[in-house]
Amino acid sequence: MENGKTEIVNVKTPFLGCAYYPEDWDDEQLAFDVERMREAGITCARIGEFAWRKMEPRPGQYEFGWLHRVVDALKAAGIAVVLGTPTATPPIWLGDAHPDIFKQSENGTRAQHGGRRHCCSNNPHYLDACDRIVRAMGREFGADANVIGWQLDNEIYSRGTDCTCEYCTAAFRDRLKREYGSVESLNARWDLNLFSQAYDRFDQVPGDWGAWHNPHRKYEWAAAHYDADIAFIHRQASILRQYTDAPIGTDMMPIDGMDYEKMCGATDVVMFNHYNTPENLCEAVFWFDFMRTLKDRPFWNTETATTWNGSTAIGQALKPEGYCRVNSWLPVALGGACNMYWLWRQHWAGHELMHGSLLSPEGRPTHTFGEVRQTAAEFAEASAFLNGTTVKTPVALHFTSRSWQLFDQQQIVNGNNYFENVQTVHRALTRCGVRPDVIGAMHPLEGYKLLVSPCLMTLEDGDLAERIRAFVENGGVWVAGPMTDIRNGIGAHYTDRAMGMLEDWLGVRLEYGVPTDGTVLQTAWEDGGDLRAEKWAELYTLQTGERLASVTGGHTALTGKSVLSRHKVGKGEVILCGTLLRGADLDRLLTLALSDAQAQPFRVTGELQITPRAGETQEGLVLCETGHKPASVRIGQPMTDLLTGEVFRDTVPVEPYGVRIMAKG
Amino acid sequence: MENGKTEIVNVKTPFLGCAYYPEDWDDEQLAFDVERMREAGITCARIGEFAWRKMEPRPGQYEFGWLHRVVDALKAAGIAVVLGTPTATPPIWLGDAHPDIFKQSENGTRAQHGGRRHCCSNNPHYLDACDRIVRAMGREFGADANVIGWQLDNEIYSRGTDCTCEYCTAAFRDRLKREYGSVESLNARWDLNLFSQAYDRFDQVPGDWGAWHNPHRKYEWAAAHYDADIAFIHRQASILRQYTDAPIGTDMMPIDGMDYEKMCGATDVVMFNHYNTPENLCEAVFWFDFMRTLKDRPFWNTETATTWNGSTAIGQALKPEGYCRVNSWLPVALGGACNMYWLWRQHWAGHELMHGSLLSPEGRPTHTFGEVRQTAAEFAEASAFLNGTTVKTPVALHFTSRSWQLFDQQQIVNGNNYFENVQTVHRALTRCGVRPDVIGAMHPLEGYKLLVSPCLMTLEDGDLAERIRAFVENGGVWVAGPMTDIRNGIGAHYTDRAMGMLEDWLGVRLEYGVPTDGTVLQTAWEDGGDLRAEKWAELYTLQTGERLASVTGGHTALTGKSVLSRHKVGKGEVILCGTLLRGADLDRLLTLALSDAQAQPFRVTGELQITPRAGETQEGLVLCETGHKPASVRIGQPMTDLLTGEVFRDTVPVEPYGVRIMAKG
Amino acid sequence: MENGKTEIVNVKTPFLGCAYYPEDWDDEQLAFDVERMREAGITCARIGEFAWRKMEPRPGQYEFGWLHRVVDALKAAGIAVVLGTPTATPPIWLGDAHPDIFKQSENGTRAQHGGRRHCCSNNPHYLDACDRIVRAMGREFGADANVIGWQLDNEIYSRGTDCTCEYCTAAFRDRLKREYGSVESLNARWDLNLFSQAYDRFDQVPGDWGAWHNPHRKYEWAAAHYDADIAFIHRQASILRQYTDAPIGTDMMPIDGMDYEKMCGATDVVMFNHYNTPENLCEAVFWFDFMRTLKDRPFWNTETATTWNGSTAIGQALKPEGYCRVNSWLPVALGGACNMYWLWRQHWAGHELMHGSLLSPEGRPTHTFGEVRQTAAEFAEASAFLNGTTVKTPVALHFTSRSWQLFDQQQIVNGNNYFENVQTVHRALTRCGVRPDVIGAMHPLEGYKLLVSPCLMTLEDGDLAERIRAFVENGGVWVAGPMTDIRNGIGAHYTDRAMGMLEDWLGVRLEYGVPTDGTVLQTAWEDGGDLRAEKWAELYTLQTGERLASVTGGHTALTGKSVLSRHKVGKGEVILCGTLLRGADLDRLLTLALSDAQAQPFRVTGELQITPRAGETQEGLVLCETGHKPASVRIGQPMTDLLTGEVFRDTVPVEPYGVRIMAKG
């Protein structure tokens with residue numbers, strides 16, 4: 001699996017890993033910790049990510065001996081290493097020499113030494129220093145066979161903490177020059193005739209503070225910062241690649257609007273950190289369904305808690321027994337190669353000393369230690385099946401960074417949240433017995449039968465429009481909307497039509513978009529049942545196609561307009577949905593679409609995550625219960641649970657937080 | 001109607017208008033838009049208000065050709081123009097040359113180019129540039145007969161965004177010198193012996209930031225900013241007046257504490273923008289009752305939405321059918337000359353691209369287009385009656401900027417809101433079947449029978465005290481209080497008496513002011529029914545007068561004190577109310593006062609806005625339902641609905657959001 | 001009582017006082033005010049605290065004549081004086097000459113003249129000017145026999161408004177050098193290997209802003225500011241002491257984390273200001289139980305309201321009759337020498353013009369004037385008994401500034417509030433019929449039978465650990481926990497054990513600390529009754545001792561662990577409590593502990609504050625009802641109410657807000 005490397009020292013996938021901070025402990029604890037890791041079933045340790053000062057205590061003076069000793073001690077115990085570049089936390093000598101490495105806030109104040117991820121991704125002094133430490137690490141450990149992977153920086157993001165320094169402002173203006181060519185073009189595309197906003201020169205365009213800015217410039221300002229972070233990661237990757245052929249990645253988090261496709265463009269393996277609670281465990285499932293599609297290589301779940309996350313205070317309560325196990329299984333069940341915990345041993349001091357772990361500061365096992373060991377054993381048990389199969393599904397759900405960013409600057413209607421809207425559809429698909437691939441705008445559509453694109457605000461995102469058109473013409477079923485295709489690539493209206501491609505293509509006319517709170521507007525399915533339109537409704541006149549639901553009251557100008565319709569196009573079909581749906585209405589729509597697409601879902605009860613897997617010689621299902629309630633699925637053919645040996649023929653029951661690896665036969 | 005101008009090109013009042021931004025559209029759209037305006041019944045377009053850069057792309061280089069073409073195209077279609085000065089949005093070349101034109105925040109940072117209304121009204125560079133563009137526009141369009149009015153700037157306010165720059169600080173100190181003469185006088189009147197606050201020189205008095213300031217200086221700081229904005233508008237008016245005799249105004253908004261009387265002092269016509277929802281439509285009614293009294297000339301409703309307001313997100317839901325019509329009728333029903341919409345055609349980009357309009361960006365009519373056309377037709381139908389009559393009422397309600405500003409700095413008791421308190425009385429008067437004139441402190445009292453002054457914190461506001469005294473002595477009924485006459489003109493207590501004029505005049509003694517939450521203090525009408533005292537109660541000992549309600553429990557020191565009393569004075573009467581009342585208690589008080597004043601209200605059901613109108617030859621009522629419930633009014637004599645032709649003799653029913661123009665006979 | 005002074009002009013304790021601001025009034029009001037004070041029963045006036053400018057209108061030019069006249073007029077009326085140093089409000093000439101005296105905010109902006117307590121306690125210019133005015137006042141009034149006490153500054157605190165100036169940063173670094181010796185030691189103890197945070201030099205350590213700092217440095221930053229304030233007060237005390245032998249204090253407030261023991265270390269008398277409402281009157285009781293233990297001399301209650309506090313708005317409602325009296329009695333009942341009101345006469349202007357008083361600005365008595373007079377008379381009635389007895393109790397409750405500060409930086413679990421947790425125990429002890437001494441970390445433990453230490457996060461606070469150990473070994477009963485002894489002195493974990501002293505000492509092992517919201521973790525008393533664990537549970541394995549409650553469900557790894565246990569140690573006992581308890585569970589625990597300690601509580605009903613007092617010849621109880629409900633206590637022997645003459649033999653009823661002074665016999 002490791003991309004050209006034939007030898008991965010004793011790490012059998014799926015594997016369990018953990019973050020380990022040897023710099024936090026006296027040397028004599030190393031042997032103790034390594035031995036306990038073996039007991040827990042840990043086969044991979046993530047180390048180094050914040051230890052810059054210990055590697056380079058003074059500029060250019062490198063000390064890697066201690067780190068070699070750790071890597072070697074782990075290796076001796078059969079534990080592989082993922083090495084992190086420590087660029088999220090520069091040593092004091094760097095900030096002391098160059099105070100401008102720190103982010104500048106909207107009111108001109110600078111961040112300071114302390115904490116982490118507080119440096120500007122555009123600052124040349126910071127970038128130079130990062131280059132040097134990354135190169136030094138590459139030289140030192142690039143050929144170490146026990147280093148099975150590299151993690152660049154840590155949880156990078158600019159979201160909400162945009163630096164406003166001169167370098168960032170310059171980078172923003174450079175981006176504008178690149179994207180718009182001339183200031184006249186920028187003025188025109190941003191419609192800067194309004195409010196006399198137009199610029200005479202690019203160098204007059206200020207950063208995004210101190211003014212009520214329009215959504216198009218806010219989009220570009222945010223995009224410039226996302227891109228700076230992405231460039232920062234890619235720069236490290238290109239250095240490291242000179243010294244190693246182990247896979248390189250960066251551990252990403254859920255970040256509003258992040259362009260995950262672009263971020264992973266120049267790395268080898270998708271890494272993802274997540275923390276969740278029983279209430280939003282399904283959100284982790286959503287992310288895994290997305291991470292799986294970003295690369296062919298199985299993704300790495302680089303961080304999750306054994307118990308709870310927490311800084312100086314814990315924000316969660318004790319979770320039920322079994323939660324740790326199912327949470328550990330989910331990334332692997334959904335297509336990942338491993339699960340890693342943050343962290344091995346609870347910090348004895350510092351910012352995050354209440355964060356859950358496998359050992360307490362005094363070295364005692366936490367109460368989920370047993371669940372971790374069980375998971376390790378089960379990973380081994382299921383290894384052959386998992387390595388011999390991959391996740392296969394005919395259903396894709398769009399989740400694009402462009403839409404996320406545009407909705408971020410332009411909500412359309414108050415309380416409208418893109419991420420939440422996509423999540424709602426994702427959960428409904430799960431309820432319908434489907435395992436959706438969550439895909440970005442660049443992902444190929446070939447091979448899917450059903451594509452669902454809620455709130456895909458613009459189709460002007462690469463050649464997305466053409467590819468969707470081809471997908472449908474070739475026989476695919478596309479559920480489009482609401483709020484889909486209603487803006488150009490920077491979030492502006494069309495002025496000659498209400499939708500970019502859909503009106504002409506489908507023979508519809510978007511007459512009205514109206515906000516609704518459920519009190520005035522009335523809508524119903526054509527068979528008479530009420531349909532509950534949420535927050536926003538787009539109402540159409542149809543020239544062709546079949547009306548599925550329409551307006552039945554609220555205003556005479558609206559009554560009779562279509563809100564949901566079905567259109568045969570080429571060999572395929574478009575279902576045009578004009579409003580946010582929930583619950584039974586959403587399930588009804590998706591069931592219809594699944595049926596039209598001939599994508600047969602499973603019949604499930606409860607909150608069951610079903611992941612069909614198939615390989616050359618094997619086939620089966622991974623089942624994970626995420627709602628802490630009894631669940632079941634009809635399989636209709638004999639299958640064996642590889643963990644328990646139980647054989648089922650028709651219906652498989654799954655206990656609360658239960659996990660089953662069902663192989664055919 | 002147009003103040004000395006004999007010719008108003010084809011604009012018959014009442015008229016429908018709309019804001020139009022030709023600078024936002026390609027030239028070829030002009031003919032399309034003008035034709036659609038005619039279809040809608042629009043007879044006046046507001047243009048130019050933000051188009052400075054298009055008029056003056058470089059300093060001193062004026063380009064008005066495009067604007068002439070627009071004015072002329074509108075004229076050709078019989079559509080008049082209100083021209084706006086574009087000073088709310090200076091072009092980049094001004095801010096680029098003089099960054100200090102932008103407002104300075106409390107922490108010293110400057111606003112930037114982008115957005116609007118972000119410049120300092122005291123900045124000399126900004127003022128000079130404004131002078132020049134206003135003069136240039138005046139020269140260019142002052143004599144154009146199709147320009148029937150001028151709007152200065154747009155929605156000016158300083159509220160909550162006070163600039164702290166050196167010019168503003170200097171203007172503040174100048175005001176203090178003017179108002180207080182010497183620093184010793186300022187020290188004494190602000191009581192600056194407290195906290196060792198006294199100043200030695202005016203130039204030591206800092207702006208209103210970085211300290212816990214006393215309410216008197218906060219009042220003066222805010223007043224200095226209100227005055228700067230007012231001076232800014234008056235300065236433009238005085239320039240424009242050299243070039244035109246069309247009426248000049250500035251489109252005002254609901255701004256906490258704004259001195260509307262002073263703002264309108266040097267303009268010709270009152271202009272007002274408002275946006276509302278079904279929940280607070282009655283607030284718009286309040287504002288129209290106020291705008292009507294500011295000048296003899298009928299006010300112009302310069303902005304309201306056809307559907308909803310919104311920036312990049314809409315904060316409202318679909319409104320019931322009929323709302324657009326009644327909302328369009330209200331300003332006209334209540335004494336205005338027109339209703340104008342913001343905006344004609346939805347922006348295709350920018351800060352406010354979700355704001356409701358008459359056309360969508362692609363040029364399609366919005367769902368309320370029909371209601372607009374109906375309103376236009378009805379305005380024409382009712383024109384003769386409306387132009388032949390004016391609103392007449394014997395009841396006035398005080399609403400003074402001084403009290404608003406003082407309560408803003410000095411709430412007396414938490415949660416006490418002057419605006420809300422006056423609104424509460426306004427709504428109760430409406431419920432009682434009365435159309436009140438809402439009047440400022442300077443408004444004459446002659447001609448009224450009943451004057452209601454809730455929370456008129458000070459009578460030291462011009463010659464208000466003398467005029468009220470005369471009003472009562474001559475036979476008027478005055479409802480005074482609560483929290484009336486309890487402070488001097490800058491919000492300080494008297495030290496030799498508890499009230500400025502009322503104690504001696506009425507023979508009462510204000511013994512105690514106590515906060516109440518309804519749990520301890522008990523008060524009752526003299527006939528025994530409970531009276532609910534809200535938030536604050538002023539308790540009196542009476543030497544003369546008739547007690548109407550008093551304290552019945554809570555503390556032995558309070559029991560038996562009067563909280564509501566009636567006093568015969570001269571030919572008139574004062575009703576002294578010591579507490580905030582609501583609901584039935586308030587209705588009872590007002591009914592009593594209306595009866596004593598012999599101001600006969602109408603008998604109504606539902607939330608009906610009744611506006612009596614009378615002229616030389618005609619008389620009647622305009623009825624607007626604002627609660628979306630069936631309503632009715634007893635008229636007791638035959639009247640004809642000019643819109644439907646229906647004749648009623650005794651009771652007129654009005655449907656939800658209905659409008660009737662009832663003429664006698 | 002007055003510490004070496006034999007003569008206290010006509011002030012018999014307990015006495016009633018009030019704050020008086022003669023600088024706020026014309027001279028002719030002095031006689032009026034003094035006469036009214038006599039009527040009210042006031043025998044002491046606090047004056048001068050904010051009148052710096054009137055004493056020193058220009059630098060070095062002192063004008064004390066006016067103040068002498070006030071002191072003398074009061075003296076003539078038999079009213080003593082507490083003189084305040086006016087350093088909280090420097091005159092404009094100081095800030096004008098040295099703008100850096102004002103606090104600097106996190107974003108670098110300075111406070112300004114206006115308000116109060118806005119100067120930096122480390123600024124040399126401010127300190128010099130303070131020295132001079134304090135010295136001048138000492139010279140002028142130090143020997144005045146009518147000045148019976150000195151108050152330094154006013155309500156000093158840094159909490160939440162930490163100055164960030166160069167002097168404060170230097171003071172912070174000086175503290176670090178002093179506390180840690182070397183930067184290597186600081187790096188080690190703060191665990192700065194984490195996040196590459198370690199410093200090379202002390203002068204690299206920035207102030208506590210602009211970064212996500214770790215809890216240990218946040219603790220030190222806050223401590224440096226607390227210490228600066230304390231040093232500021234002590235500096236004034238040492239100057240004044242050269243001129244007077246009247247007792248010196250500073251009027252303290254409830255300030256999160258303040259080190260009251262240290263603050264009072266160099267003053268003579270504890271002064272305390274408090275404002276409360278019926279809802280949290282018991283919080284005042286808590287503070288008095290604490291203030292009583294800070295010095296042997298009875299504390300002075302320097303401020304409370306007659307009615308309500310308030311700045312420009314009142315945040316409270318009318319309180320029931322009797323509240324003013326019981327609120328006035330409480331400090332005296334609980335061991336203080338006096339009660340003083342803020343303020344005598346309501347300000348006629350300024351920041352706090354709505355604050356309650358004894359007279360209105362126009363000189364009229366407020367509605368509680370009668371309750372004040374009654375209290376004055378009752379103080380005289382009970383004087384002999386009160387002066388002949390002191391408060392005696394066998395129960396102490398720990399409340400340490402170190403724990404407060406550490407929990408402030410490190411909540412352990414969200415919503416966990418140290419102050420609230422200690423309050424909860426305090427209220428439960430009151431419910432159990434006990435008057436607890438609330439004691440700081442330095443307070444001797446001798447003489448107590450029961451010591452309760454909830455959330456005493458660290459025992460590394462002087463020799464606290466040794467003294468507790470001795471207390472128990474010698475026969476005391478100690479209730480320890482939860483969250484007790486779990487950190488070292490700066491809030492870091494131990495790495496070789498989970499608790500500092502308790503594990504080895506008691507033979508227990510703290511296995512797990514888990515957050516709980518009551519849904520998953522189940523705990524029960526050993527007899528089977530449910531025990532409700534709040535927020536956080538520490539679960540133990542016991543080698544010795546008696547289990548009182550343990551885990552019954554939630555996770556198999558936790559089931560069976562002890563959460564509450566009893567351990568015989570030496571002649572005494574430790575009750576180890578692993579979780580926050582409330583209501584019946586807490587009462588059960590405390591009842592058990594009181595029984596084991598043979599500290600016999602009273603049997604009470606209602607919310608009754610019982611204060612046992614004993615002296616050489618007298619003994620009795622002071623009873624104050626604080627819940628506004630009828631209450632009673634069983635006394636079991638004859639006692640006489642000194643205020644009413646009533647004699648009770650078994651049970652004493654107390655009316656809502658009632659006060660009784662019960663003397664034996």
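**Entry 1. A salt bridge between chains**

I started with A:Arg201, which makes a salt bridge to B:Asp96 in this predicted model, with 3.2 Å between the closest N and O atoms. I took a salt bridge as a side-chain nitrogen of Lys or Arg within 4 Å of a carboxyl oxygen of Asp or Glu. Between chain A and chain B I found a count of three salt bridges. Over all chains the same rule gives 114 salt bridges.

Ground rules for these notes: the model is predicted, local features need pLDDT of at least 70, side-chain atom pairs count only at pLDDT 80 or more, and totals for chains, interfaces and linings use all residues. Residues are numbered from 1 along each chain as its sequence is written, chains are lettered from A in the order in which they are written, and side-chain values use heavy atoms, without hydrogens and water.

**Entry 2. The A–B interface**

I looked up the contact (heavy atoms within 4.5 Å) and noted 58 residues from chain A and 52 residues from chain B. The two chains bury about 4400 Å² between them, of which 58% is on carbon and sulfur atoms. Buried area here is the accessible area (1.4 Å probe) that two parts lose on being put together, summed over both. Of the area that chain A buries against chain B, 16% comes from A:Phe195, A:Ser196 and A:Trp212, more than from any other three residues.

I then listed polar contacts. These are pairs of N or O atoms within 3.5 Å; within protein, one must be able to donate a hydrogen and the other to accept it, and residues adjacent in sequence count only if both atoms are side-chain atoms. Across the interface of chain A and chain B there are 29 such residue pairs, both residues at pLDDT 80 or more.

Next came the elements, where helices (H or I, at least four residues) and strands (E, at least two) are DSSP runs, numbered from the N terminus. On the side of chain A that touches chain B, helix H7 (183-189), helix H8 (215-240), strand E13 (412-413) and strand E17 (508-516) of chain A each supply at least two residues. E17(A) gives the most, with seven residues.

**Entry 3. Strands**

I counted two strands as paired if DSSP finds at least two bridges between them. E13(A) pairs with strand E9 (residues 313-314) of chain B in the parallel sense, over two bridges. A:Val413 has B:Ile314 as its bridge partner in E9(B).

In chain C I traced an open sheet of six strands with antiparallel pairing, in the order E11-E26-E27-E32-E29-E30. Its edge strands are E11 (390-391) and E30 (647-648) of chain C, each pairing on one side only. E11(C) runs antiparallel to strand E26 (residues 608-614) of chain C, joined by two bridges. C:Val391 stands opposite C:Arg613 in E26(C).

**Entry 4. How the copies relate**

**Entry 5. A salt bridge within chain B**

B:Arg345 and B:Asp33 meet through their side chains in a salt bridge (3.2 Å, N to O). B:Arg345 sits in the loop between strand E10 (338-341) and helix H12 (369-387) of chain B, and B:Asp33 in helix H1 (residues 29-40) of chain B, 312 residues apart.
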